[in-house]
Amino acid sequence: IYMNSLYNKFRYFNPPVLIYLIPPSLITGPFLPDLLLTITGIFFLIKIVYEKKLFYFNNIFTKLFLFFYSIIILSSFLSGDILFSLESSLFYFRYLFFCIAIYYCIERYNNFLKKVFQSFFITCIFIIFDSYFQWYFGYNILGWNIHTQTRLTSFFGEEMILGSFFSRIIPIMFMCYIIHKKNINNRNIIFILGFTLLVIALVFRSGERAALGYVLIFYFYLLFIFKKNIIITFTSFILLISLSLSIIYFNQTKNRVIYYVLVICFYTF
């Protein structure tokens with residue numbers, strides 16, 4: 001009875017709406033995205049239990065996740081500070097519900113991946129504009145100055161995570177785009193590679209070496225999957241080298257990132 005009542009309250013709720021809100025919420029910090037993720041997982045769990053579609057959990061991903069979850073819980077109990085360790089591991093299972101909710105939405109809702117891409121894209125455009133504004137003027141549209149006068153932070157303020165944000169968001173965004181499009185033409189390839197180059201410049205300017213490594217690896221991966229379009233990929237690679245050399249020459253953070261650029265290029269090719 002309680003489950004029926006709970007389901008009736010949310011039966012007209014559209015689960016993807018919360019997922020579409022996650023990309024812009026990332027700007028605000030970890031609390032709001034995590035809250036949206038958790039609520040999405042709860043709604044999904046209520047929905048499949050009521051509709052008796054528990055087969056969504058009967059797959060290899062769920063089994064591997066539960067195995068991994070068991071290991072981290074066991075590790076928490078074996079740690080020196082059990083309560084502190086459990087704070088981060090005990091509720092890790094919520095990611096299982098969220099991941100399967102994503103799969104459910106892909107299967108049940110038309111253009112779900114397209115709308116997820118659009119949400120990521122609008123968020124990235126907003127941050128890219130603000131970041132270049134901060135790069136040029138020395139402060140962003142909110143009046144926040146460049147951190148230590150050398151590293152871009154945009155809306156993240158004193159948290160120097162701009163590069164980390166892009167290095168993790170861009171691969172997800174374009175994978176959604178590529179899977180949705182299915183057939184990628186030259187215009188799509190130019191758009192993907194060109195947009196990624198804009199982001200690489202900002203990641204470089206953020207001074208985050210690990211983030212730069214991640215985004216360059218993703219960029220070379222794009223060059224690999226688009227290798228049949230030789231002219232576009234070759235031109236894009238030349239632009240990357242030119243962009244990297246220009247930023248290294250003019251950027252005050254060059255000592256932090258020049259080694260990463262050279263190492264990644266060397267090991268990739």
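Ala, Val, Leu, Ile, Met, Phe, Trp, Tyr, Cys and Pro are counted as nonpolar, Asp, Glu, Lys and Arg as charged, and the others, Gly among them, as polar. The model is predicted, so that local features need pLDDT of at least 70 and side-chain atom pairs count only at pLDDT 80 or more, while totals for chains, interfaces and linings use all residues. Residues are numbered from 1 along each chain as its sequence is written, and side-chain values use heavy atoms, with hydrogens and water left out.

The lining of the largest pocket comprises 23 nonpolar, three polar and three charged residues. A pocket is an open set of points on a 1 Å grid over the protein atoms alone, where a 1.4 Å probe fits, with protein on both sides within 12 Å along at least five of seven lines; lining residues have an atom within 4 Å of a point. The volume, the space filled by probe spheres set on the points, is about 790 Å³. Of the 29 lining residues, Ile-22, Leu-26, Pro-33, Phe-120 and Ile-169 lie nearest the centre. At least two lining residues come from each of α2, α3 (31-50), α6 (94-108), α7 and α8 (162-181), helices being DSSP runs of H or I with at least four residues, numbered from the N terminus. Helix α8 supplies the largest share, six residues.

Helices α2 (residues 16-25) and α7 (residues 112-137) pack with their axes 7 Å apart, at an angle of about 25°. The two helices are therefore roughly parallel (angle under 35 degrees). Contact (heavy atoms within 4.5 Å) involves Pro-16, Ile-19, Tyr-20, Pro-23 and Pro-24 of α2, and Phe-112, Lys-115, Val-116, Ser-119, Phe-120 and Thr-123 of α7. Eight of these residues are nonpolar, two polar and one charged.

Note on methods
Axes fitted to C-alpha atoms, helices over the stretch in contact; angles between N-to-C directions. Parallel < 35°, antiparallel > 145°, perpendicular 65-115°, else oblique.
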